[in-house]
Amino acid sequence: MALADFLADLDSLLTSANAAFAAAADSDSLEVARVEFLGAKSGRLKTVQQGLGKIDKPDKPAAGKKLNEVKKAITAAFEQAQQNLSAGGGEDAGDDGFDPTLPGRRARLGHIHPITQTIEQLKEIMGRLGFSVAEGPEVEDKWHNFDALNIPPIHPARSELDNFYLATAEKAAGEPMLLRSQTSTVQIRVMEKTPPPVRIISLGRVYRPDTADATHYPMFHQIEGLMVDRGVTMADLKSVLRLFASSFLGGDVHIRFRPSFFPFTEPSVEVDISWQGGWMEMGGAGMIDPNVLRAVGYDPDEVTGFAFGLGVERICMSRHQVTDIREFYRNDVRFLEQF
Amino acid sequence: MIVSWNWLKQYVPLAMSQEELETRLMMSGLNHEGTETVGDDLAIDLEVSSNRPDCLGHIGVAREVAVLWEQPLSIPAASPAEGSTPVDDLASVRVDCPQLCSRYTARVIRGVKVGPSPQWMVRRLATLGEASINNIVDITNYVLYECGQPLHAFDLPELIGGQIIVREATKGEKFVAINHKTYELEAGMCVIADAERAVALGGVMGGANTEVLDETTDLLIESAAFDPISIRTTARRLVLHSPSSHRFERQPDPVGIDWASRRCCELILELAGGELAAGAIDVGEQPAKREPVVLRLDQIERILGIRVDREEVRKILTLLGNEEIKADEARVEVIPPSWRSDLTREIDLIEEVARIHGYDKIPEDVSVPMAPSARRDIDRVLEKVRGALVAAGYDEALTPSAVDAAASEAFSPWSDADPLRLTTPILRGADLLRRSLIPSLLAARHTNQSLANPVIELFEVAHVYLPTPDGPPREESMLAIAGGGDFFAVKGAIETVLAALNPAAQLEIRPMEHALLRRGHGVELWLDGQLLGYLGEVSEAGLKQFQLRSAATVAEIHVTALEAAAVLIPQYARQSSFPAIDRDVNLVVDESVRWAEVAAVVEASGGELLESLSFQDTFRDEAKLGPGKKSLLFSTTFRSAEGTLTNQQVDEIREQIVAACEKKLGAQLRA
């Protein structure tokens, strides 16, 4: 075989190899091209290489040198093509198959329960109004759940049917205990320990035997505000509620009081907020009954105070348009992930 | 309480519009629930709070209207003409249970003609949704809705011995009510009996045996006072709620008992004829005289924050029926009316002034003094905890505080004492206060599994209730996690939480055996010598108990321990300005050697230049490593605060480390 033919074969091999490697759009087609040109058994380079044996002896060094050069060049072209593919075609590559609309690699994000979110927001607003957070036990005695709150000994609110009494604790402690029916118990506990002035919100789980339906659940959350000092009046109550509601809802809202009845406040009112052209019920409130002040060792002729209570679930439901309170406790992750 | 417009205007002029009436009543304490048109009348539904039984009759509502619009109130005199036969000759009353029935009055009318009621009465009752029965029954209902005092008419000849005996029911006693259903009574219920048998369930429902029928001619009219708690219990136990029991539960005007009886008889004579026996039988306590109440005028401003004119205060109190006995510049002293048992103290009168004067007069823009309020550490800790878990992909759950027996038994690592039991379950079967949150979260996993939700990663922060020998339970705040990943997924979440609170915190792992956890895959977590909590993969038996198809890993962490470990105000530490050098180490050790032991030896032997140590991987290959062996690959980073380390320095330390591991753990460096 003539040296010139051998060299020409090598040149054309290099040209086609370069073209094939450059044209490979993905690793599969590049692999096909690699086998075609660089395959160990029957690659085209191997085939051309076999021609070296037929070269005349004096021409062999030149032919071998060229073969090595071409082999190197083809290998380099292959590696370059491989690198281009893995690097996404290189910075300058144009239509290299990069699809920026594919979804990103997202971290799975969890969600804070909507009730917790609502509570945190209420705590935060009340904190800015100077109210500190207080918590207390959920299992309570009759003193904190009834007596100190001015609920008379024969009041129906104490009935077995309206409370979750403990069966086991009764014997042990000598007096009945129950799951608290309101967070006012915490207010009593704080006032018993703290001389006035007091400005707190108490919050947590409360329990009342209701059959679970779309608007009732035997367990729910309350948040209650309490402010006791010399000279605290219902005007302070109305003004604090207005600041609170304006902060929570945004904008300038107004407060309306309607008379109501709660044993632990006198006067007692229902609180409405002006909202979207109408009045929205917000919760109960009032001036702390003198009997309650006396029960915690305060002198009702020295200090006055107000208290208000809000149902967290109700606020949360109206805020997020949740139509069934049971959703909060079912823990369907598709529900939780909406908030 | 449904109020008929036409009926109401019998007692007070209604010159205002319907809407004005509804609004003002609502703003003074009678919440408006809705109004419907019935024929030419309006049925106005008002919510009456439990302290205002006086408004459970038209006259009470009329009185509020009279006060608000300053209109005259006209109440029927109720003075029926009496015949000559003394009532004592015709009937007798004995009360054996004054604790259940404090007063019982009876009047007798003979010779009535039972028949249909006149149209005006039928219509008024229809507005209230009451069907007409006959003139006698209708009249007792009518008077109930007029003044709020329930009444009952007995067919007198059916009362054996002409006798009324008020007594406590005997347990198991049977009673056929006017609805012809039989009820089994319990002790504590109040029975009206004749000489032989029960004829009514006092204050709740009449009996079938003495019912007024078309042929009835002689009547005994009962007007009495019953114990509200007993009435309430009876009505609830027997599911016999009636307009009568509703009112007795709230204690009607004690003075109204006799008025209602007279009014009833007056209407019967007028509409059904007959002759009223002379006098009335009246057994039991007469209404107590009301004590005077003093209102110091300056207290109004002290409570309400607004001044109300003295004359306005006096007018409001008087219009409401309070009898003014003294008034000077500083105070007003009144005797409250019999129908307002809720007015006994100064503060009660202040509330009356406030609601009639109008709460809209109280300003909503006074300046309230500022006060400091610090955020509690626990709130800051829980914010970091929740933030870390949410970032790690966990959703926060809230589950009920009580569980059923199986769930309660499934896991209770914090206490061996029996759980506290509620007399009423919170939800079906759930009557035990939980000692761990984990069973609740596994139940929530099951709920999600049944909804085919693919990823269920939950956590909850709530109390557990750990019983104490006497007194209330120890309520401890817990953080529980239940995920679908393996042990290290949840361990990693806990480590992330800890890192958010205190980067230096080092968990210590101690083995733990529990049926809920897979053997060898359950551990106690300790922090600084304190038990922090529990972690483990749920065992096959555990998965089966909670009907879980896929693996789950759970953990429960004591929040107070987390709080104790938290560093909420991190302190600055100066960082070295010299570069670090890394070295990987691959050691072959026995299977029994734990990473924690290797880490301890590395840290001890690495000296102060060892900046960090991080585990990379474990390899097992019996052919290459030999039986019972594994190789541990880890990275070490070295840095000096004084200068740039040389490779030679670092290699020397690395050799020290390897030598220590060889000596203490029998480790071999893998080539």
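1. Ile362(B) counts as buried because 22 C-beta neighbours lie inside 10 Å. The terms work like this: a residue is buried if 20 or more other C-beta atoms lie within 10 Å of its own, exposed if 12 or fewer, and partly exposed in between, with C-beta atoms placed from the backbone. Ile362(B) sits in the loop between α11 (346-357) and α12 (377-391) of chain B. Helices (H or I, at least four residues) and strands (E, at least two) are DSSP runs, numbered from the N terminus.

2. A word on ground rules before going on. This is a predicted model, in which local features need pLDDT of at least 70 and side-chain atom pairs count only at pLDDT 80 or more, while totals for chains, interfaces and linings use all residues. Residues are numbered from 1 along each chain as its sequence is written, and chains are lettered from A and ligands numbered from 1 in the order in which they are written.

3. What does Ile362(B) touch, leaving aside its neighbours within four places in sequence? From chain A there are Met234(A), Ala235(A), Lys238(A) and Phe257(A), and from chain B Leu304(B), Gly305(B) and Ile306(B). Contact here means that the C-beta atoms of two residues, placed from the backbone, lie within 7 Å. As for Ala198(B), it is 164 residues from Ile362(B) in sequence and 55 Å away in space, C-alpha to C-alpha.

4. Now the whole interface. Chain A brings 67 residues to the contact and chain B brings 76 residues. On the side of chain A that touches chain B, helix α9 (residues 234-249) of chain A gives the most, with seven residues. By class, that side of chain A has 38 nonpolar, 14 polar and 15 charged residues. In this count Ala, Val, Leu, Ile, Met, Phe, Trp, Tyr, Cys and Pro are nonpolar, Asp, Glu, Lys and Arg are charged, and the others, Gly among them, are polar.

5. Chain A as a whole is worth a look. Its secondary structure comes to 13 helices and nine strands. The radius of gyration of chain A is 40 Å, well over the 20 Å that the globule rule gives for 339 residues, so chain A is more spread out than a compact globule. That radius is taken over C-alpha atoms, and the rule is 2.2 Å times the number of residues to the power 0.38. The C-alpha trace of chain A spans about 125 × 50 × 35 Å along its principal axes, and buried residues make up 42% of the 339 residues.

6. The domains come next, with bounds from an automatic or database domain assignment. Chain A is given domain 1 (3-86) and domain 2 (114-336), and their C-alpha centres lie 85 Å apart. Chain B is given domain 1 (2-68), domain 2 (82-284), domain 3 (293-359), domain 4 (377-565) and domain 5 (581-669). Between the centres of domain 2 and domain 5 of chain B there are 94 Å, taken over C-alpha atoms.

7. Helix α2 (residues 27-38) of chain A has Leu30(A), Ala33(A), Arg34(A) and Phe37(A) buried. Seen down the axis of α2(A), these buried residues fall within an arc of 105 degrees, so they line one face of the helix. The arc is that of the directions from the helix axis to the C-beta atoms. An α-helix has 3.6 residues a turn, so residues three or four places apart point the same way. Turned away from the buried side of α2(A) are the exposed residues Asp28(A), Glu31(A) and Val32(A). The cover over the buried residues of α2(A) includes α1 (3-23), α3 (44-50) and α4 (60-86) of chain A.

8. Finally, some backbone details to check by eye. The peptide bond from Pro196(A) to Pro197(A) is cis, with omega near 5 degrees, and Pro197(A) lies in the loop between α8 (184-193) and β4 (198-207) of chain A. The bond from Glu266(A) to Pro267(A) is also cis, with omega near -5 degrees; Pro267(A) lies in strand β7 (residues 265-275) of chain A. Gln321(A), not a glycine, has a positive phi of about 60 degrees, and with 6 C-beta neighbours inside 10 Å Gln321(A) counts as exposed. Asn331(A) has phi near 65 degrees, a positive value in a residue other than glycine, yet Asn331(A) is buried, with 24 other C-beta atoms within 10 Å.
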